[in-house]
Amino acid sequence: MRKIKCSFFLICSLVLICTGCSTSVSSSNDSGIIKCSRTGSIDGAKSQMFYELYYDGKYLNKLHSSEQVISDDEEILDVYEDAYKNIYKAYEGLKYYDAKVIRDSDSVVTDVTINYEKIDIEALLAIEGEEDNVIDKDGKVRLDTWLDFAEKFGVECE
């Protein structure tokens, strides 16, 4: 369990914290969807992150994320591919947490969809831990909590 958290935080720190970044903002619309994006640079690579937040009122119902690491260096791509695959092994079998890792010649892409309305929150928390999690005491994800968390890593949304 601790190894999964360490791998997850390693990836987050490499992609989100240790990057030079620029952000682009996409607008929300009346259908309850907010789109966010962020780009960054890593030694020998760059990253692009896109998030779609489906919400109802003040709660996030579903999150779809696509995060891409782009590089000409096969070793860098190998590191990210292996790390992502190891992280998502812990979620295998957890319904409503769908994660794919896609590798091509110059990138590694993670595509994740989490349906917070249907997922077993207790099982999710057993994997992720409750510390520094966006899930509140009622087992829901407040939209503003997720947005505040994302903003700390340079993600901007409108």
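Student: Why is Cys 157 called partly exposed?
Tutor: Cys 157 has a relative accessible area of 26%. Buried means under 20%, exposed over 50%, and partly exposed in between (1.4 Å probe, protein chains only). The value for Cys 157 is 26%, so this residue is partly exposed. This is a predicted model, where local features need pLDDT of at least 70, side-chain atom pairs count only at pLDDT 80 or more, and totals for chains, interfaces and linings use all residues. Residues are numbered from 1 along each chain as its sequence is written, and side-chain values use heavy atoms, with hydrogens and water left out.

Student: Is Cys 36 buried or exposed, and why?
Tutor: Cys 36 has a relative accessible area of 3%, so Cys 36 is buried. Of the 158 residues of the protein chain, 41% count as buried.

Student: What makes Cys 36 and Cys 157 a disulfide?
Tutor: Their S to S distance is 1.7 Å, and a disulfide is a pair of cysteine sulfur atoms within 2.5 Å. The pair Cys 36 and Cys 157 therefore counts as a disulfide. Cys 36 sits in strand S2 (residues 33-42) and Cys 157 in strand S8 (residues 156-157), so the pair links distant parts of the chain, 121 residues apart. Strands (E, at least two residues) and helices (H or I, at least four) are DSSP runs, numbered from the N terminus. The structure holds one disulfide.

Student: Why is the disulfide of Cys 36 and Cys 157 called right-handed?
Tutor: The torsion about the S-S bond is about 115 degrees, so this disulfide is right-handed.

Student: Is Glu 75 buried or exposed, and why?
Tutor: Glu 75 has a relative accessible area of 62%, so Glu 75 is exposed. Glu 75 lies in helix H2 (residues 74-89).
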